[in-house]
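Here are some notes for a colleague who is opening this structure for the first time. Please read them with the sequence and the model side by side.

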Amino acid sequence: MSESATTVEAPSGGLPPTGDEPGFFTKYGVTIVFLAPALALLGVWVVYPTISTIVRSFYDRSGDDFIGIDNYRRLFSDDTLVRAITNNFLWLLVVPFFVTAVGLVFAVLLERIRFSVAFKVVVFMPMAISLFAAGVIWRLMYEKDPSRGTVNAAIGVAHDAVSPSGALASALPSTEAVQGGTAGGLVLDEDLGPGDVARIGLTGIRASDVPDDAVQAVVPEALAGGITGVVWRDFKPGGGTPGELEPEEVGLPGVTVELRDASGRSALDTTTEPDGTFAFEDVAPGTYRAAIGAKSFQKSFAGISWLDERLITPAIMMAYIWVWAGFSMVVIAAGLAAIPRDLLEAARTDGASEWQVFRRVTVPLLAPVLSVVFVTMLIYVLKVFDIVIAIAPGSVQDDANVIALAMWRTSFGGVNDFGLGAAIAVFLFLLVIPILALNIRRFRSEV
Amino acid sequence: MRKRWLAVASLVGALALAAAGCGGDDDGGGGVEGSEDVTGNISVMAIWSGAEQESFEAVIAGFNELFPNVTVKYTSGGDNLGPLLSTAVQGGNPPDIAAIAQPGLISQFAEQGALQSIDDLRPEIVDNFGEAVADVGAVDGTQYAFLFKGSNKATIWYNVADFEEAGVDPPETWDDLSEVASTLKAAGITPYSVGVDVGWPITDLFENVYIRTAGPEMYDQLAKHEIPWTDQSVKDALTVMQDIFGESDNLAGGTSAALQTDMPASVAKVFSNSPQAAMVIIGDFAPGVVTDNPLEPVTGYNVFTFPSIEGSDPAVVGSGDQFVNFKQSEAATAFLEYLTTPEAAEIWAARGGFSSPNKNVDPETYSDEISRATATGLAEAEVFRFDMSDLQPSAFGGTPGQGLWKEFTDFVQNPDDIDAITQQMESDATKAFANS
């Protein structure tokens with residue numbers, strides 16, 4: 001506005017006086033005609049709503065009663081809203097810094113490699129997606145179940161390579177005769193000696209998970225001087241009688257059974273047959289326990305709960321940084337291209353290491369560009385909304401809350417309290433003003 | 001003008017009396033006599049879109065056969081219907097008629113004076129829907145709404161193949177249900193899929209348990225916050241729910257996965273060829289929320305009524321969309337009256353995806369066995385109560401991350417923490433009732 005005013009006024013000051021003072025319309029007519037559409041739009045879409053929101057924030061839910069600053073008091077006493085405000089400050093502290101830093105690193109590194117344009121396109125690509133769509137993508141990638149969530153699937157591959165899941169991952173003891181948590185393996189709570197028969201019944205194994213070669217389980221005959229036994233799926237449709245080996249109940253082949261001596265050390269081990277039977281021949285006299293080692297019960301990777309209340313905010317931040325790093329990189333790369341090369345060369349000639357060149361020459365020269373990125377991110381982060389609502393499942397929306405989301409939820413998301421919603425909007429507006437002022441001042445000084 | 005209005009009012013009154021007179025007959029609660037004299041344009045809003053919108057437009061077509069000179073324009077508000085209507089009421093330009101799912105929002109509008117009384121239709125409503133359903137639409141003794149499209153929440157869905165593999169039958173009592181769950185677990189099948197989502201599926205479960213353990217009278221008292229949430233009856237109901245949530249491996253993927261599962265995903269985990277759980281406790285709308293459901297009704301998936309707890313009598317917790325009138329006109333009154341008739345409900349019932357609480361709807365019109373069973377369960381319920389959380393001030397009973405929804409999420413997470421959770425419920429309820 002001030003610029004257009006000066007351009008109109010400048011000639012009138014510069015020209016020699018014509019004698020007659022020009023009338024108001026001749027003086028400002030053109031200005032008014034050109035400004036009118038913009039002013040009308042601004043008035044209808046910005047000025048009027050702003051004033052009406054400020055007024056509304058002093059009224060109660062119904063809009064009938066003036067309640068002074070009560071809405072603003074609630075803003076700082078309601079747990080949900082306080083949470084939103086703290087979260088938003090956390091966003092301010094973390095995100096602009098990381099976006100700028102990641103962008104800087106990409107820009108500097110990509111300057112030195114071939115095909116850097118291709119890499120830049122890849123890094124910049126997320127900017128082409130709307131934040132909401134990016135949120136939906138990350139929401140799916142963060143799924144806990146490794147068969148659905150990409151992030152956990154990747155971790156799962158590494159995890160299962162280190163500790164593969166056991167054959168009996170979901171198995172449970174069928175009766176109290178079998179003891180122990182799956183962590184230390186299962187132990188048959190019965191002293192065994194040569195000539196005894198051990199029965200280890202397990203449940204919780206899906207019929208489709210039983211190996212194909214399994215057949216009807218049988219109780220083996222006792223062996224003189226040895227210990228025999230059976231490991232079987234102690235379940236038939238309807239449940240059967242736990243602990244009793246019944247028709248239709250199959251053996252569990254390929255299970256490693258240990259024979260532990262009195263001190264609990266594993267003395268012998270063997271593997272079960274298709275009918276679930278196993279046999280230790282030539283066992284020295286003494287008392288033993290039959291057990292299945294913990295390894296058989298090793299569960300496969302269950303996934304990290306990225307979307308639970310503790311990790312949700314960092315998880316959303318990560319997605320947000322992913323989106324904005326491209327923008328930051330492109331702006332910084334442009335700034336980098338404008339840096340006079342001879343300064344860098346001079347520093348290198350003077351014996352500065354690459355790190356010193358980066359730290360003492362490149363970064364200070366880039367400072368104006370870096371601050372543009374940083375301040376832009378401050379504003380964007382203050383009003384962050386869509387990515388939060390897209391990623392956070394309903395049950396943790398409270399934990400992931402930010403000011404803009406709190407405003408929407410309070411006004412439209414069920415509470416329907418337009419007064420409090422307006423107060424949140426005004427609060428957010430007040431927070432953005434100083435940063436906007438800073439930005440405008442910088443633009444002026446650059447002009 | 002005024003005279004004409006009076007004439008219409010008395011005509012409506014006479015029709016209502018006639019309808020009340022012949023109520024209980026086999027031919028239903030009396031249809032509406034059409035008229036070419038009624039003219040006008042009315043706008044209607046509801047959440048229905050897609051197939052539901054088509055079905056509702058079929059109902060409008062049925063109305064237009066009787067009243068050819070009334071134009072009904074339907075607009076779907078989708079999931080944002082509540083905010084849309086609130087904003088429209090604030091701006092002074094609501095639709096003529098809307099169907100609203102939250103009684104709390106209806107009473108809010110009624111208190112703001114935004115709604116027209118439909119007391120004249122009350123006899124028809126009672127005759128078709130019964131006192132209990134009619135009363136849900138009344139605010140301080142004035143009739144403002146009636147339940148057109150209901151849903152029966154006292155249902156549990158199961159995967160037939162899983163039940164056959166474990167050799168179990170649908171249970172009739174809570175103890176049987178626990179027995180079924182442990183047999184399923186022994187067979188290596190996870191018993192329950194729960195979509196904790198924002199928390200409302202768990203409030204539904206609580207309401208079904210509470211109406212059985214505490215009885216309908218206490219249910220009403222708790223709904224109005226006449227007894228505190230710290231009452232022993234609430235704690236007892238939560239203790240019963242521990243049977244389900246007490247062990248993480250009762251739930252598909254464990255507790256932490258259940259917390260992140262939304263309602264449609266929880267149903268999809270059961271309605272699948274490789275199900276991740278055998279049962280999902282959710283209202284009669286379950287089959288509609290699964291896209292590409294690979295299973296056939298009855299042979300693939302099926303439903304049983306929420307089991308009785310310690311000999312409790314059958315009771316139905318339900319919810320649904322209630323029609324309200326924002327702007328009075330001859331045409332709007334005629335349309336509302338038509339919507340109370342079994343004829344209007346039967347048009348949609350025949351098209352599927354619809355449970356009518358109208359007692360006079362012929363069960364034969366429902367397109368399949370399962371919807372016939374759940375719908376008649378709703379219409380013929382001797383004890384019917386509206387979803388309790390929907391009756392609360394919305395800050396307490398209907399907002400993601402706040403109030404009851406949040407506390408039931410917390411309960412799933414820490415099922416042993418009953419005392420702390422009920423205290424939190426009580427303090428939030430006190431706050432919300434004071435603010436509303």
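**Notes on the two chains**

1. The buried residues of α20(B) are B:Gly403, B:Leu404, B:Trp405, B:Lys406, B:Glu407, B:Phe408, B:Thr409, B:Asp410, B:Phe411 and B:Val412, where buried means that 20 or more other C-beta atoms, placed from the backbone, lie within 10 Å of the residue's own. Because 10 of the 11 residues of α20(B) are buried, this helix is largely enclosed by the rest of the structure.

2. This is a predicted model, in which local features need pLDDT of at least 70 and side-chain atom pairs count only at pLDDT 80 or more, while totals for chains, interfaces and linings use all residues. Residues are numbered from 1 along each chain as its sequence is written, and chains are lettered from A and ligands numbered from 1 in the order in which they are written.

3. The contact between the chains takes 30 residues from chain A and 33 residues from chain B, two residues being in contact if their C-beta atoms, placed from the backbone, lie within 7 Å. On the side of chain B that touches chain A, α12(B) gives the most, with four residues, and α20 (403-413) of chain B is one of the helices that supply at least two.

4. The largest nonpolar core has 137 residues, and those with the most contacts inside it are B:Ala98, B:Trp157, B:Met279, B:Val324 and B:Phe335; such a core is a set of buried Ala, Val, Leu, Ile, Met, Phe, Trp, Tyr and Cys residues joined through C-beta atoms within 7 Å. Domain 1 (2-152 + 319-379) and domain 2 (155-314 + 392-435) of chain B both give residues to this core, so it lies between them; the domain bounds come from an automatic or database domain assignment.

5. Chain A holds 14 helices and nine strands, which are DSSP runs numbered from the N terminus (helices H or I, at least four residues; strands E, at least two). Four of the strands form an open sheet of mixed pairing in chain A, in the order β1-β4-β5-β8, with two strands counted as paired if DSSP finds at least two bridges between them. The edge strands of chain A are β1 (172-173) and β8 (277-280), each of which pairs on one side only. Strands β4 (residues 197-203) and β5 (residues 227-233) of chain A pair in the parallel sense over six bridges, and A:Arg199 stands opposite A:Val230 in β5(A).

6. Along its principal axes, the C-alpha trace of chain A spans about 130 × 75 × 35 Å. Buried residues make up 35% of the 447 residues in chain A.

Key. A residue is buried if 20 or more other C-beta atoms lie within 10 Å of its own, exposed if 12 or fewer, and partly exposed in between; C-beta atoms are placed from the backbone.
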